[in-house]
Number of protein chains: 2
Amino acid sequence: MFNRDLQELIDDKKSRLCVGLDPAPQGMRKNYTTDKRILDFCLEIVEETSEHAVLYKPNLQYIMPLSRREMVELNKKIHENDALSILDLKLSDIGSTNKASLYWIKKMGFDSFTYSPFPGNIIETGKNARSYDLGVFVLTLMSNPEARYFMKSKIDGKIAYEFISERINEIDGNAVIGATCEREDLLRISSILRGDRFVLVPGIGVQKGRMDILKIFKNTVVNVGRSIIYSERPEEEAEEYKEKIKKFTS
Amino acid sequence: MFNRDLQELIDDKKSRLCVGLDPAPQGMRKNYTTDKRILDFCLEIVEETSEHAVLYKPNLQYIMPLSRREMVELNKKIHENDALSILDLKLSDIGSTNKASLYWIKKMGFDSFTYSPFPGNIIETGKNARSYDLGVFVLTLMSNPEARYFMKSKIDGKIAYEFISERINEIDGNAVIGATCEREDLLRISSILRGDRFVLVPGIGVQKGRMDILKIFKNTVVNVGRSIIYSERPEEEAEEYKEKIKKFTS
């Protein structure tokens, strides 16, 4: 069970740090990766930071060129270093396509995935996740200003993120909530979302989100990407974030 | 320019057929594919059906195990057979992740992609698509009943699909609209969406959607997946669909 395993790792490592594996392609950063280098880049980051991280979140948009064999290798490395993985693909499919996706996610060795509720089929996705024994993180309120259009729209008289939170409770899922969101919205979500659900929090690093999100939700894991993976010293940076997070969560 | 190239192919081949390449993994169908067989399965379908199809739409959830090299090979085959490709990944990312995705989509030889507007950044995605010279198909109203939650929610006083359609016009994009949707909704969308935008229509094959969608929107391409790719005679089936579609569009 993903959520139980994650809780054990958090207790053992005394860390709530998730490292976002987003190796930039050519033209995007000074030290970019090529398709041949993507796997090596990720393996090195895992090797260097795993003392301080419980989760690794490769984004499929960055690692798309990897073959199945390479994805398996990445997850093997993550597991050998006592951590779990989230495939960040923001799955937005239904029916048999949804199932095919989870089939491959599992085969490649990932432990959980991110899901976008845009198609509405949150309950279906929860059932599929359970049948493949995968954890699920549902996008609830993203960190960009335009997230308000859909995530704060009205569905059957409710704010969309309330509608999503209720269904996360129903499927025993987890939420993704950006640290840059407004306090009022965070409080509304926390009044609905069950306290035992994990909240994955992006937006703390480069985006300078609010740290008080870690007080509002008790059961957080904090994703930091660029600030760690493009640092000169990823290990030290990971340790610093681990400690910084600890101050707000204990 | 993707839209111009697609129009030329439609005129040349006298077809509006898009073939959905969704090779089912183990446990999902009797004649499933393994990861080693995914590429061969897709190449064979392209070979057999390309006289009748202008577009191929591999869904990333089914072809996830393919390496970059294999994706390049698939697109090469599609182009050699005078057709274009859509990577159906329902991209739901923002900022640099959105760009990284299009970088790889282009590198792998795809001509266009599907995009989910859940993060709200339709204009940004349109700009990125143009800078990578890729066509974009924006999910506007999906075919499953639960699509209503988000796609018919209210955004700033508008129905969400109206909000999406206006932005598709603004970015010179295209729409994805399911053939199983209600006539009233289709008419509302068609009153907003510019007539020169392509509408990709799933739901005609196995899902038995309404053919009159092809009368409501003038500029359609019709996706058929399982009914063709799992037929005993994919070529004949593709030809039949091509002709059936022609009856409703001419």
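This is a predicted model: local features need pLDDT of at least 70, side-chain atom pairs count only at pLDDT 80 or more; totals for chains, interfaces and linings use all residues.
The contact between the chains draws 41 residues from chain A and 39 residues from chain B. On the side of chain B that touches chain A, two or more residues come from each of α3 (60-63), α5 (95-107), α7 (148-151) and β6 (154-155) of chain B. Of these elements, α5(B) gives the most, with seven residues. The side of chain B that touches chain A comprises 18 nonpolar, twelve polar and nine charged residues.

Within chain B, helix α2 (residues 38-49) and helix α12 (residues 234-249) have axes that come within 8 Å and cross at roughly 55°. This angle makes α2(B) oblique to α12(B), and the crossing is right-handed. Ile45(B), Glu48(B) and Thr49(B) of α2(B) form the contact with Pro234(B), Glu235(B) and Ala238(B) of α12(B). By class, the contact of α2(B) with α12(B) has three nonpolar, one polar and two charged residues.

The contact is made by Ile122(B), Ile123(B) and Gly126(B) of α6(B), together with Ile164(B), Arg167(B), Glu170(B) and Ile171(B) of α8(B). These residues of the contact of α6(B) with α8(B) divide into four nonpolar, one polar and two charged.

Technical notes: Residues are numbered from 1 along each chain as its sequence is written. Chains are lettered from A and ligands numbered from 1 in the order in which they are written. Two residues are in contact if their C-beta atoms, placed from the backbone, lie within 7 Å. Helices (H or I, at least four residues) and strands (E, at least two) are DSSP runs, numbered from the N terminus. Ala, Val, Leu, Ile, Met, Phe, Trp, Tyr, Cys and Pro count as nonpolar, Asp, Glu, Lys and Arg as charged, and the others, Gly among them, as polar. Axes are lines fitted to C-alpha atoms, for helices over the stretch in contact, and angles run from 0 to 180 degrees between N-to-C directions. Angles under 35 degrees count as roughly parallel, over 145 as roughly antiparallel, 65 to 115 as roughly perpendicular and the rest as oblique. A crossing is left-handed if the near helix is turned anticlockwise from the far one by less than a right angle, and right-handed if clockwise.
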